[in-house]
Amino acid sequence: MNPYQNARTGEKVISQIHFIQESEFFPSKCVDIALSSCTDVAYTQMMYPNFLDQKSREVIEYSSEYILISVLHNLLQGECNPDLRLLGCSVLAPQCEKDKVIKPCRHVCENLKKNCLPAFDAIDMAWPYFLDCDRFFAGEEEGCFDPLAKLRGEVDVEEDLPSDLPGTFIKFKHHSYSQMVSTLKKTASKCSHIATTYSIGRSFEGKDLLVIEFSTKPGHHELLKPEFKYIGNMHGNEVVGKELLIYLAQYLCSEYLLGNPRIQTLINNTRIHLLPSLNPDGYELAAEEGAGYNGWVIGRQTAQNLDLNRNFPDLTSEAYSRAGIRGARLDHIPIPQSYWWGKVAPETKAVMKWLRSIPFVLSASLHGGELVVTYPYDYSRHPMEEKMFSPTPDEKMFKMLAKAYADAHPVISDRSELRCGGNFVKRGGIINGAEWYSFTGGMADFNYLHTNCFEVTVEVGCEKFPLEEELFTIWHENRDALLNYMEMVHRGIKGIVSDKFGNPIKNARISVRGIQHDVTTAADGDYWRLLPPGTYIISAQAAGYSRVMKRVTLPAKMKRAGRVDFVLRPVEAWPNKLLRRSMEDPYDPYDPLELFDPHAQHGQPEARGGSPPGREKPWWWSYFSSLDLHKPLWLLKQH
């Protein structure tokens, strides 16, 4: 029988052969992405079938692979997301351009797998087969694309400025997240010998919390050079601080190159860190409302609906309970274990980790909604009192710091009461935070009570999201105040604590008689102690060493930190074992923060147990209960 005849009728079979040949003349086309979990990818079109040979939207949406990327955010409690979802979308909804599919880059998959595999291990889940970096991804030489570029601000970059503009040109505009990233990276590239960018971690939605740093040795702590930081946009709808820090970064770079002596002196003698946006997720919500919207709610909180300035550990209550105990210190208070029982934002963890990695001396957080400078404590000495003066042991120094910003700001220092911030005129534009209004879990109190860092809060204006035409004026009102406050990091004393052989002593305590708050030495034995003018008895002490005391006088007009070094001699017996242990290890060894990686986001609870044959399925298996015949057995670990 003719092989091309129907076995039953003898009719020639040509239609099937013709159909196969015809498909070659009607190849697949690019189509718009209609998958709800993939609508925020950096491209707009995909192609069917995808890399898993799924030929329609319906097939994809009812697949276990698609359900997985839709629920990973919940399964991993926000860890490694949206990175994993976007990576999965690059396989399920592959990028299509000019009717050709582009594979995602293999190195992106490999880096994400390396960082996120522990999060899967923590919930006893295998790495998804469709994220096989060798099978579905391509090398750069093959022409791949980075599906996570949007998270790093490599999409929607700010337009290039004309080349003939002066070096000090700053474009006074509102910056989207990606425009902010682009501007900071361009600024760091322009001043690469004194600037660099780095990320302290990720927001809940996966955006890098980008910092630009200025120093003569970017990326490194230098002996006796103090560390300073500004943080903006802690509340996403308070955007002025964010823009001010973007402008400040450009200003520092340009003025340094132009030879401005004030800027060169500042950068040559200080390591400066600017974090323009601590809450980029909230900013996006606020930006949807647009400039001129003076909202008090939308965008204030994070994507987890958390207020970052209420999310830090309450160490102030512990400080109050210690205050009446003789010999008790109101510094380097450990984080209570109960704190970790609540919801802690990844942004909060990133800041706390950052504070432990760098010996910051001075800081300010820029907010909006008023025009005033506040200083700790922010939490009232009596919790039932909403407005109660609650000073720290460093009340004089904090007032001096707050006034340094307020007095250099032409509007805050204006004596008119009929203006924004007029309620604080009689106080000189500054106020103790708890006396204004009391709240717990604030970042400024945490800085002071857990680290060496002094931090104030600057409310930079009554409009939280002003129109762009107002930004130029706002910058000029705040520029000198921003610089003046940074220069305050050089007040007080600094020095090195070492043994008789010149070896630095880490974690030595520097105490000031009459002030119940110590600072500790950094890894190289150097320290900085902010102090107002006056005469002090300063002592240095470390575990296993004798105490050394010195009398120090700081003149009123002295604007550079006095050098006070200490050489400690070892002692055979240590009088107080508890004190010795606390000085050797200021942080709780079981503190979850020590295990938290803000970049790889490994901060998952320990695995809840395996699912070997004969045992019940993992807790997350119920997410796939709607799939009868196609349950993802490939997610179960083989034991």
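**Notes on the predicted model**

1. Start with the contacts of the protein chain. Among those between residues at least 6 apart in sequence, 74% join residues at least 24 apart. Keep in mind that this is a predicted model.

2. Next, the overall make-up. The protein chain has 639 residues, and 54% of them are buried. Its secondary structure comes to 16 helices and 20 strands.

3. Check the confidence before reading details. The mean pLDDT of the protein chain is 86. A value of 70 or more is reached by 86% of the residues. Residues 1-26 have pLDDT below 50. Beyond near neighbours in sequence, that stretch has 12 contacts in the model. Residues 600-614 also call for care: pLDDT stays under 50 there. For residues 600-614 the model has 38 contacts beyond four places in sequence.

4. Now a helix pair. Two packed helices are described by the angle between their axes and the distance between the axes. How do α4 and α5 pack? Helix α4 covers residues 83-92, and helix α5 covers residues 106-122. Their angle is about 130°, and their axes are 11 Å apart. The crossing of α4 past α5 is left-handed.

5. Which residues make this contact? From α4 come D83, L84 and L87. From α5 come V108, C109, L112, C116 and F120. By type, the contact residues divide into 7 nonpolar, no polar and 1 charged.

6. The peptide bond from N81 to P82 is cis, with omega near 10°. Another cis bond runs from Y48 to P49, with omega near -10°. P49 is found in the loop between β2 (45-47) and α2 (57-61). Why point these out? Most residues other than glycine have a negative phi, and most peptide bonds are trans.

7. N305 has phi near 65°, a positive value in a residue other than glycine. H332 has phi near 50°, again positive in a residue other than glycine. Both sit in loops: N305 between α9 (280-289) and α10 (316-322), H332 between α10 and α11 (346-357).

8. Are N305 and H332 buried or exposed? N305 counts as exposed, because its relative accessibility is 54% and the cut-off is over 50%. H332 is buried, because its relative accessible area is 7% and buried means under 20%.

9. Finally, take Y247. This residue lies in helix α7 (residues 240-258). Y247 is buried, with a relative accessible area of 1%. What does Y247 touch, not counting residues up to four places away in sequence? The list is I170, K171, F172, K173, H175, L471 and W475. Take F172 as an example. Y247 and F172 are 75 residues apart along the chain. Their C-alpha atoms are separated by 7.8 Å.

Note on methods:
Residues are numbered from 1 along each chain as its sequence is written. This is a predicted model: local features need pLDDT of at least 70, side-chain atom pairs count only at pLDDT 80 or more; totals for chains, interfaces and linings use all residues. Side-chain values use heavy atoms; hydrogens and water are left out. Axes are lines fitted to C-alpha atoms, for helices over the stretch in contact, and angles run from 0 to 180 degrees between N-to-C directions. Helices (H or I, at least four residues) and strands (E, at least two) are DSSP runs, numbered from the N terminus. A crossing is left-handed if the near helix is turned anticlockwise from the far one by less than a right angle, and right-handed if clockwise. Contact means heavy atoms within 4.5 Å. Ala, Val, Leu, Ile, Met, Phe, Trp, Tyr, Cys and Pro count as nonpolar, Asp, Glu, Lys and Arg as charged, and the others, Gly among them, as polar. pLDDT is the predictor's confidence in each residue, from 0 to 100. Buried means under 20% relative accessible area, exposed over 50%, partly exposed in between (1.4 Å probe, protein chains only).
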